[in-house]
Amino acid sequence: MKALIFDIKRFAIHDGPGVRTTVFLKGCPLTCLWCHNPESQNGDIEICNVNKPIGDQMFITEQHIGRHITIDELMSDIEKDRIYYEESDGGVTFSGGEPMMQIDFLEKAVKRCKETDLHTAIDTSGYVPYSFFERVIPYTDLFLFDIKHVDDKRHKAFTGVDNSIILDNIKKLAECGSEIWIRIPAVPDYNATEENLEALSNFISDINAESITRIYLLPYHKLSSHKYDNLNMADKLVNIQEPTANQMKEWQRIFAPLNIKTYIKG
Amino acid sequence: MNERIKYLREISLNAKEHISTERAELITEFYKSSRALEVSVPVRRALSFRYLLERKKICINSSELIVGERGPAPKATPTYPEVSLHSIKDLEILNSREKVAFKVDKKSLDTYREDIIPYWHGKSNRDKIMDALSDEWKNAYNAGVFTEFQEQRAPGHTVAGSKIFNKGLSDLIADIDNEINNLDFINDMRAYDKREELKAMRISAEAMVMYANRHADELLKLAAFEDSDARKDELINMASICRNVPEKRPDSFHEALQHYWFFHLGVVTELNPWDSFNPGRLDQNLYRYYRHDIDNGIITEDQAKELLMSFWIKFNNHPAPPKMGVTALESNTYTDFALINVGGVKPDGSDASNELTYLILDVIEEMRLLQPSSMVQVSKKSPDRLIKRALKIVRTGFGQPSMFNTDAIIQQMIRQGKDVIDARNGGASGCVETGAFGTEAYWLTGYFNLVKVLEITLNNGFDKRTNKQIGLRTGILDDFIGFDDFLNAFNSQIEHFVQIKLIGNNIIERIISENIPAPFLSLIVDDCIKNGSDYNRGGAKYNTSYVQGVGLGSVTDNLTAIKYAVFDTKTISFTQLKEATDNNFEGYDKLRGRLIYDTPKYGNDDEYADKQATDVFEMFFNAVDSKPTARGGKFRINLLPTTCHVYFGSVVGAMPDGRLSGEPLSEGISPVQGADKYGPTGVLNSAAKLDHVRTGGTLLNQKFSPSFFNDPDVYNKLTAIVRSYFRMDGHHIQFNVVDTDTLRDAQKNPEKYKNLIVRVAGYSDYFNDLGEDLQNEIINRTAHDMC
């Protein structure tokens, strides 16, 4: 069995505690307008041309986005940075895309990680059957759970899918005891409105679970526009500005009543 | 920082580097005298030292607390014509060159023209060295295969151990007399030589006591004319300090600093050793005095800090003696490489950090000076607090303090056969060089251009730049059957050129020990007194000579490109590849793109590429390590470049890794600039595959953008990075925290960035003082960022 991944990022320091390796699995059921990794959406290998400078010239290379990898190959890549995980209480994060789209592989991968005493995290959109969660819970120390919008209509408009499965899943997951960090992208005008963030805060408050230990607000940034170009995809958010530091702090305050540590990702 | 320190710091920063001919005039006067001819060489050197100290202008700067300058004023830089003689043209270039200039006034030029040059022409140590070296050596040197450290400066890497902080010169004189009295003229055929060397050490010790007393006299004279009562008291107190030290062992923290400073002045006045001189483990050597003075209410913590800051300024007043030609290119900086060590372990192996360690780190952060440079020694027993404190200073972006692995340093020294206690008392000096402080004479002999040797191998032993057959005829490219066959050819060339270098070194070592013994330095380093033998003659307990390999990342990527393109994927023939490099890739853009972007590279934890790094390491190590030196020591390797990777790049044509002709080589054991794609752990894992324990130091720099530090948890994560690298026996790591855009802007608008300091290699320097090629090289290094 092989997984389709599009990247393995080492020294990932924003995807869970400590120094981590993040494995990005390719394919996602969501098509968020603000997607930071558009190459993650399509569940097939894509080919694009990339320009690289050679002196004053450009060297054009054909780049394959996505590659198949066996569990043994992946484990050997993960093992390379074990010493850093140990020194920093870090570990491995599976992200995407939606990593649970490849649940058979993912289950094997987190199981193998636990067998070798590695801390595991799964970064998920939550848009999968809950039975998938049940398969990985025994081997997963931390879920990074993304929530975008509480309003179902808007959620569908911005991400392409309903939010009911997502919201149900987090409620169920919160009861099973695995640690959860909630991650909320902060995209001005889209989901980062006072109304939505307050609704999100109330939603989390209603879950009222000790297992939710952190909330991260992820400020939208424009770094990925060249990626859209390379993929011949349209960047639909060209007119959105990145939120200011002050804006982020105001939004952070909305979550203060929850008594859950709320961070702005750097 | 109080007003006094602010004032002294400004004076030091604003003083302009200039040449003082005072020392050259005095040494010439002495050598011309009949007295110089009547005595043995060691005694002659001691008498010349005394002659200097009797007549040198005493410089006491307003407001200062530690006294004594190498020249007659801050940044006044003496010359050492007995070591190497500057020509009028050299001095004119020094005066006018754009970077690292030393002002030379007309009077100095006249003095050189009329007195110094006529006497020393053909007589300097450099002349003797050049006369004695073979054409083979000179051809390789001119081609840029290696450099020679002792060509313009005396042997360096001299670091004080604890001895001089616990003994006065009168104690050392007693030790000398004891050795002289016990000489055995019946059984010891060297007894007479030993007596001459010991006599020379004694004369030097007495001369330094006299020199300190001249400072005391001058301080009292100033006190008599001083209007301010407070300063008058200070001057009188400083005079009594100079009466007590360095003759007697220090009684206080202030005395200990002044005591060391006189030893420092002695070393850098006697000769111009590479890497000035260094108080070594400062927080260890001073701790007893600090504790005593604080506990007894003699000084406050603020006063201790003020004294340390005054001490820092003294170092910054002394730029490196001016270098010329290739020697300037290999180390093109004012920095004289005094490297303060803090942290590490005690002689019993326990953690050595103490309150003074942290006070010194405060001083480093506030002073923000190039000299002295600073480092922390991190052992597995060191608290994380020490690493985090150091990282917070690193964050401010001036490349200090660097971080060293005490446990690796100790392992290195034990492998070399040193006693474990001596190893624990050691550290790193200069850039990253391992040494047993106070017991070892470890000389750097020159940089070795690994990439040049590969270029020569590709040309069957021929150097195209100098148009000479300087290497072995190891075969034409089409005849190599497999990659290993080619690698064997490269190995033969490395052995060939290392041998030329080592033969040269042994000739040079003999010339130095015969002509320029260093009796004052011999007082400091054990066991010169006990052995009755000079530091420059092998008198130290341990004697080591290093050859510093340069361009490891570049040579690895070149070999990998050859292996990958020619032998494994067979996408191009060896001759075609050679044709492309011979044409500096003109018309070969596509091939060059493939070589740069689609070929495995060192620095990514990629076994395919890293294998070549460890292969080259073994070749270089085997060619150098354990060969005997002329003064009874052993040759060893280390891997560091100072600024030589730029010079070495300038003499190498286009190469198979896609590098164009003349571009800089990779720096230290860092990857080729921009070749590392997988972040810091990829780089560190590649670098850790080298066996650091079999070196005497390796140099790894990592560039981080300031935004990286926005993460609140960044210090924990970087601490983990440092700990991990050190668990893998990494020797040294340093972080450059700077924005690439800032550097680009600084290049365009230097006037806006007068205070911008960057990490170059094993040291920091003002960005404006760097040559454009070196500036570009630093800009092109990969910056780790987080988004």
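Two residues are taken to be in contact if their C-beta atoms, placed from the backbone, lie within 7 Å. In this predicted model, the contact between the two chains takes 24 residues from chain B and 19 residues from chain A. On the side of chain B that touches chain A, helix H28 (589–597), helix H31 (679–688) and helix H32 (714–727) each supply at least two residues. The largest share of that side of chain B, 7 residues, comes from H32(B). By residue class, the side of chain B that touches chain A divides into 8 nonpolar, 8 polar and 8 charged residues.

Chain B itself contains 34 helices and 17 strands. Its C-alpha trace spans about 85 × 60 × 55 Å along the principal axes. The radius of gyration of chain B is 26 Å, which agrees with the value near 28 Å that a compact globule of 787 residues would have. Of the 787 residues of chain B, 60% count as buried. Among the contacts in chain B with a separation of 6 or more, 78% are accounted for by residues 24 or more positions apart.

Helix H29 of chain B covers residues 607–624 and has 18 residues. From the first C-alpha to the last, H29(B) reaches 26 Å, close to the 26 Å expected at 1.5 Å a residue. The buried residues in H29(B) include B:Ala609, B:Val616, B:Phe617, B:Met619 and B:Phe620. After H29(B) comes B:Ser626, whose phi is positive, near 75°.

Elsewhere in chain B, B:Leu271 lies in the loop between helix H13 (253–270) and helix H14 (282–285). B:Leu271 is buried because 26 other C-beta atoms lie within 10 Å, where 20 or more are required. Leaving aside residues up to four places away in sequence, B:Leu271 touches B:Tyr80, B:Val83, B:Ala154, B:Ile516 and B:Ala518. B:Leu271 and B:Arg45 are 226 residues apart in sequence, with their C-alpha atoms 9.9 Å apart in space.

In chain A, strand E6 (residues 91–95) is largely enclosed by the rest of the structure, because 5 of its 5 residues are buried. Strand E2 (residues 20–25) of chain A is joined to E6(A) by 5 bridges, and the two run parallel. In this pairing, A:Phe94 of E6(A) is the bridge partner of A:Val23. E6(A) is also joined by 4 bridges to strand E7 (residues 119–124) of chain A, again in parallel. Here the bridge partner of A:Phe94 is A:Ile122 in E7(A). The chain crosses from E6(A) to E7(A) through helix H3 (residues 103–115) of chain A, and this β-α-β crossover is right-handed.

Definitions and conventions
Residues are numbered from 1 along each chain as its sequence is written. Chains are lettered from A and ligands numbered from 1 in the order in which they are written. This is a predicted model: local features need pLDDT of at least 70, side-chain atom pairs count only at pLDDT 80 or more; totals for chains, interfaces and linings use all residues. Ala, Val, Leu, Ile, Met, Phe, Trp, Tyr, Cys and Pro count as nonpolar, Asp, Glu, Lys and Arg as charged, and the others, Gly among them, as polar. The radius of gyration is taken over C-alpha atoms; the globule rule is 2.2 Å times the number of residues to the power 0.38. A residue is buried if 20 or more other C-beta atoms lie within 10 Å of its own, exposed if 12 or fewer, and partly exposed in between; C-beta atoms are placed from the backbone. The expected span of a helix is 1.5 Å times one less than its number of residues. Two strands pair if DSSP finds at least two bridges between them. A crossover is right-handed if, with the strands pointing away from the viewer, the path from the first strand over the helix to the second runs clockwise.
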